[in-house]
Amino acid sequence: MTDTATDSTGRKPAGALFVVATPIGNLQDLSPRAAACLRDADLLLAEDTRHTRTLLEACGIARAAGSIESLHEHNERERVPALVSRLQAGARIALVTDAGTPLMSDPGSLLVAAAGRAGIEVVSLPGPCAAIAALSIAGLATDRFVFEGFLPAKATARRAALGTLAHETRTLVFYEAPHRLEATLQDLATVFGAEREAAVAREITKRFEHVYRGTLAALAQQCATDANMSRGEIVLVVAGAPASEDDDAEALAAASTLQVLLQELPVSQAARIAAQLTGRSRKELYERALALAPPKPGA
Ligand code: SAM
């Protein structure tokens, strides 16, 4: 191993876990330091070993047979104890996922936490991350932001999740599957308000990289008519709510109450009980409930 992995004192080297970012589309984004680590680590843990072998081959990185093993969401929990033992025995282990930074909507958090608890050095080899790349080109505020990963796939759960975020004043970053983009933009326009500014960043670092900017309503409409917009990989960046809305802690509490009631009750009943519990206007809560309520069957 190079750099921090080299023990120049000649002592038995301590094990270390290297968390290595890989390209999100453009292979030239693999840093020289990352390439050296992927070449020299005793063991390479990959989300999909075939995918990572393709990356290594394309970047001219050779590895000994059998020195790449899989670590993905379905086997991470069971693999962690043995991997921590290997780290404690002095192994230098590199962790990668299919694209971008491990742990960012990707596997690795259980291993990193366990290694940290065991006193193993955990080293970052930073690089591409679609969320950060999208923020850097969206044209929205970046001084404060929240990363929400993927929203729930089902419409009801998605709207409920958005309801809890409607008053968030920081810029919001979501990952989204292309086939759900239009529905998600429509839900965002309904729950956050049609005029909220947003950006859809697709295919970052790839040939068809493009950023669509506009209000949520305009983006939802564009998505319905422009098939290119929902092709490829997508990050959604949404402006935060105006700060004055956030000041109203009562409104936030009322929205959360409503959210819970709507899981069990029809709109008018949920709004009435939420108004009784919070002392806020029934009309205001009814309108909010209409936006949050699950669609009627067939609607
Ligand atoms: N760990 C990765 C990272 O650091 O960005 C993210 C992994 S997550 C499973 C995959 C999601 O990231 C995609 O569905 C998409 O929302 C986003 N993504 C990844 N690559 C992208 C790209 N080149 N352009 C836009 N979004 C991308």
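In the predicted model, five strands form an open sheet with mixed pairing, arranged in the order 6-7-10-8-9.

Strand 6 (residues 145–150) runs parallel to strand 7 (residues 171–176), and five bridges join the two. Within this pair, Val146 has Leu172 of strand 7 as its bridge partner. Together with helix 6 (residues 155–165), strand 6 and strand 7 make a right-handed β-α-β unit. Strand 7 also pairs with strand 10 (residues 234–238), here in the antiparallel sense and over five bridges; Phe174 has Leu236 of strand 10 as its bridge partner. Helix 8 (residues 216–225) packs on the sheet, where it touches strand 8 (197–202), strand 9 and strand 10, and its direction makes about 130 degrees with that of strand 9.

A further packing arrangement involves two helices. The axes of helix 11 (residues 267–278) and helix 12 (residues 282–292) come within 8 Å and cross at roughly 135 degrees. Helix 11 is therefore oblique to helix 12, and the crossing is right-handed. Helix 11 contributes Val267, Ser268, Ala271, Arg272, Ala274, Ala275 and Thr278 to the contact, while helix 12 contributes Arg282, Leu285, Tyr286, Ala289 and Leu290. By class, this contact of helix 11 with helix 12 comprises eight nonpolar, two polar and two charged residues.

Note on methods: Residues numbered from 1 in each chain as written. Predicted model: local features only at pLDDT ≥ 70, side-chain atom pairs only at ≥ 80, totals over all residues. Heavy atoms only, no water. Pairing = 2+ DSSP bridges. Helix = DSSP H or I, 4+ residues; strand = E, 2+ residues; numbered from the N terminus. Right-handed = clockwise from strand over helix to strand, strands pointing away. Axes fitted to C-alpha atoms, helices over the stretch in contact; angles between N-to-C directions. Parallel < 35°, antiparallel > 145°, perpendicular 65-115°, else oblique. Left-handed = near helix turned anticlockwise from the far one by under 90°. Contact = heavy atoms within 4.5 Å. Nonpolar A, V, L, I, M, F, W, Y, C, P; charged D, E, K, R; others polar.
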